[in-house]
Amino acid sequence: MSDSHCVYLLATNGHLIGTASGVTTFSESDLVNTPIIASYPLGLIENADYRVAIVAEGDLPTSVDRDALCGLRTMLAAVEDESTYTLLSSAAQIVTWHESFKYCPRCATPLEAHQDELAKVCGSCLHRQYPRISPCIIVLVRKGDQCLLAHASKFAPGRYSALAGFIEAGESAENAVVREVEEEVGIRVKNLTYCFSQSWPFPHSFMLGYMAEYDSGEITPDGEEILDAGWFSASNLPVLPPKFTIARRLIDRFLIEIGESLPEDSTLFFTAE
Ligand SMILES: [Zn+2]
């Protein structure tokens, strides 16, 4: 493949370059005078070889309007399809990894970007370091024709979603579902069903999506991670995540299972920073 097919996303100081309209892309010729610290592959999209390149803040192309730059959540708010979400999610996680893992964990030598793989390599002991992925569960708990949605402390006012949390060392995903639900809202669940998965770039989560049935207990938000939670039916749903998120896919699956039509996707889950 020729270089003319390369499309670059840029990052500096751990942040992708983009505006409220979305992430900004650059061609090879746009970057001809831009020193690149490291560059990693993001994959082929419609015959274009996408890469994310790390540059020093002072070396950003002059075409970049610094006053218009914004954060990842704002860029994600402009996303309308899953392939763009995947591109942005991958790039953001790689940039976070690049900034967070600079030294070999075996011998402390500075790591260098691998030429061919999505990896860093130690020039001294040849250890390879791959991007970090943290497994998490996300679960939609159902009770008849109602589902449990929660407002987390990190959400904007009025936003609700399924429950989620990190899987601990040595723990199965199923045990993590039971533990997280009990810790966050104080109820027991049963009859877990695995549905699908999704990568989530805050900062490098890999979400395993489950449905579960209510078993026992009263909803009692933990007051720290979860500020409010309740049972919602199709007729009283709160502001929902957009369709390409795993949380929304779980909610849509639930609505289909209870024979309800899907709500309009007129609301946004991601909030401006
Ligand atoms: Zn080493």
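Helices (H or I, at least four residues) and strands (E, at least two) are DSSP runs, numbered from the N terminus. Glu-46 is not a glycine, yet its phi is positive, at about 50 degrees. Most residues other than glycine have a negative phi, and most peptide bonds are trans. A cis peptide bond links Phe-202 to Pro-203, with omega about -5 degrees. Pro-203 sits in the loop between strand E14 (188–200) and strand E15 (205–216).

The model is predicted: local features need pLDDT of at least 70, side-chain atom pairs count only at pLDDT 80 or more, and totals for chains, interfaces and linings use all residues. Residues are numbered from 1 along each chain as its sequence is written, and side-chain values use heavy atoms, with hydrogens and water left out.

The pLDDT is the predictor's confidence in each residue, from 0 to 100. The protein chain averages 90, and 95% of the residues score at least 70. Confidence is lowest in helix H1 (residues 72–77), with a mean of 84. Helix H3 (residues 173–185) has the highest, at 98. Over residues 266–273 the pLDDT is below 50. This stretch still has 31 contacts in the model beyond near neighbours in sequence, a contact being heavy atoms within 4.5 Å. Where pLDDT is low, the predicted coordinates should not be read in detail.

The protein chain divides into domain 1 (3–100) and domain 2 (134–257). These bounds come from an automatic or database domain assignment. The C-alpha centres of the two domains are 31 Å apart. Domain 1 brings 10 residues to the contact and domain 2 brings nine. Between them, the domains bury about 930 Å², 65% of it on carbon and sulfur atoms. Buried area is the accessible area (1.4 Å probe) that two parts lose on being put together, summed over both. Arg-73, Tyr-85 and Gln-93 supply 53% of the area that domain 1 buries against domain 2, more than any other three residues.

On the side of domain 1 that touches domain 2, H1 and helix H2 (82–100) each give two or more residues. H2 gives the most, with six residues.

The structure as a whole holds 12 salt bridges. One of them pairs Arg-179 with Glu-168, whose closest N and O atoms are 3.6 Å apart. Arg-179 lies in helix H3 and Glu-168 in the loop between strand E13 (163–166) and H3, so the pair ties together parts that are 11 residues apart in sequence.

Technical notes. A salt bridge is a side-chain nitrogen of Lys or Arg within 4 Å of a carboxyl oxygen of Asp or Glu.
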